[in-house]
2 protein chains.
Amino acid sequence: MKENNPREFIPEPVLRRLPWYLAYVSMLRDKSVKHVSSTNISRELNVDASQIAKDLSFLSIKGKTRIGYDVSSLERELRDFLGFRRSHNAVIYGVGSLGAALMQDSGLSRYGLNVVAGFDINPDLIGTTPGGVPVYSVDELDSRCRRLRAEIGIITVPVDHAQDAADLLISAGVKGLWNFTPVRIRVADGIVIANTSIYAHLAVMYNRLDNLTSQI
Amino acid sequence: MKENNPREFIPEPVLRRLPWYLAYVSMLRDKSVKHVSSTNISRELNVDASQIAKDLSFLSIKGKTRIGYDVSSLERELRDFLGFRRSHNAVIYGVGSLGAALMQDSGLSRYGLNVVAGFDINPDLIGTTPGGVPVYSVDELDSRCRRLRAEIGIITVPVDHAQDAADLLISAGVKGLWNFTPVRIRVADGIVIANTSIYAHLAVMYNRLDNLTSQI
């Protein structure tokens, strides 16, 4: 059996498909299904079966001929491999509507994200606790991040503050940035950045919807 | 001047880059900068200048030699082109932590998304108004969606309900689905689907962070 090594560099497309398989096997486990083959997964998710077998080969789990994968082992292995079972401390920079919303999204903790603090410059927000998470002044960013061992900084500020927020988080010791602004943040080597520009997804959807209408 | 036709099918990579330019020119406008060249944008966003000129050629705006683009016109054109200035009625299916969070994110309306209702099966949630948006029983989905002229359905349910939610929304007349679950939803032709799997982004970030650590 291959040693499960979560530190191996896994290609992004693989890391983006694995959560699909996880969602599907979690559903099967809920339905008390015991085994699943890559052919089953393929049919359900519309991904090539050989692609699935290849993706799952990064894990230490092996399917059995004619039986397939054990559903609960596969689910556990996927969660583990994706880092969802370890807790990663994160802080939120910018407790506006989206920031506060993320602080209230308890679902994130099921995916290994432990939001431990929020930071803002607005005195009306400092001292509040959306979703039970305390909001501090940005002045306390450095000391709080270090004390809380924050590994990830979530950036939910207006666009004109995004780069500054990133710089401050990095100097406070954060190694990963989850950027929800549409700004292209520049960081030095050794810092990981994930961009989730939900508004870009909206732009794509609007264009496709307009296109539908014009086809009718 | 080219007629601005928002119904033209625009390639997804272009639609994903345009919001970066919009974020940047909004920032320039805030700083009272009057003109910007594609070279300026290129330097700031680390995108090839010729790519920027090509992307912006989809708009009806033209830059002037040696002066560049007029900042406020470019901002307005981008917002317009991306559909952010029109209001698109949307409903949220699943008022759990993420659904309720999105209902409270007033920022979405600045990007043209008008969340008019939420739906849930939980009697404790029905009748509440997170972010001022009413939550109704799923039983009322069809009639409410039609009356509210909901164009977009936002799916924020547990994975085992994602496909059912999609089917119900589509039969209630919704044309676009914004899927926040990691489930691969299957839809018929003529339905637009945008997948925002924020947990997949987390998986990528965790793997890259582990990789950093192992390099040190």
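Trainee: What is the area buried between chain B and chain A, and what share of it do carbon and sulfur atoms give?

Mentor: The size of an interface is often given as the accessible area lost when the parts come together. In this predicted model, the contact takes 69 residues from chain A and 69 residues from chain B. The area buried between the two chains is about 6700 Å², and the share given by carbon and sulfur atoms is 65%.

Trainee: How many salt bridges does the rule find across the interface of chain B and chain A?

Mentor: One salt bridge joins the side chains of B:D210 and A:R86, at 3.2 Å from N to O, and another joins those of A:E44 and B:R186, at 3.6 Å. The latter pair joins two chains, because A:E44 lies in helix α2 (residues 38-45) of chain A, whereas B:R186 lies in the loop between β7 and β8 of chain B. A:E44 is partly exposed at 27% relative accessibility, and B:R186 is likewise partly exposed, at 43%. Across the interface of chain B and chain A, the number of salt bridges found by the rule is 4.

Trainee: Which element gives the most to the side of chain B that touches chain A?

Mentor: Across the interface of chain B and chain A there are 21 residue pairs in polar contact. The elements of chain B that give two or more residues to the side touching chain A include α1 (12-30), α5 (97-103) and α8 (198-215). By class, that side has 36 nonpolar, 17 polar and 16 charged residues. With 17 residues, the element that gives the most to this side of chain B is α8(B).

Trainee: In chain B, which residue has the C-alpha nearest the axis?

Mentor: Chain B is superposed on chain A by a rotation of 180° with 0.0 Å of shift along its axis, at an RMSD of 0.0 Å. That is the relation of a two-fold axis. In chain B, the C-alpha nearest this axis lies 2.1 Å from it and belongs to B:A101.

Trainee: Is A:P19 buried or exposed?

Mentor: A:P19 has its place in helix α1 (residues 12-30) of chain A. Not counting residues up to four places away in sequence, A:P19 touches A:L82 together with B:P182 and B:A200; A:L82 is 63 residues away in sequence, yet the C-alpha atoms of A:P19 and A:L82 are 7.9 Å apart. Because its relative accessibility is 4%, and the class in question requires a value under 20%, A:P19 counts as buried.

Trainee: Which residue of chain B is in contact with A:H88?

Mentor: A:H88 lies in strand β3 (residues 88-93) of chain A, and with a relative accessible area of 3% it is buried. Leaving aside neighbours within four places in sequence, the contacts of A:H88 include A:G83, A:E151 and A:I152 in chain A, and in chain B the residue is B:Y206.

Trainee: With which residue does A:R16 form a salt bridge?

Mentor: Side chains of opposite charge can pair when their charged atoms come close. With the closest N and O atoms 3.0 Å apart, the salt-bridge partner of A:R16 is A:E12.

Definitions and conventions
Residues numbered from 1 in each chain as written. Chains lettered and ligands numbered in written order. Predicted model: local features only at pLDDT ≥ 70, side-chain atom pairs only at ≥ 80, totals over all residues. Heavy atoms only, no water. Contact = heavy atoms within 4.5 Å. Buried area = accessible area lost by both parts, 1.4 Å probe. Polar contact = N/O pair within 3.5 Å; in protein donor to acceptor, adjacent residues only side chain to side chain. Helix = DSSP H or I, 4+ residues; strand = E, 2+ residues; numbered from the N terminus. Nonpolar A, V, L, I, M, F, W, Y, C, P; charged D, E, K, R; others polar. Least-squares fit on C-alpha atoms with pLDDT ≥ 70 in both. Buried < 20%, exposed > 50% of the residue type's maximum accessible area, 1.4 Å probe, protein only.
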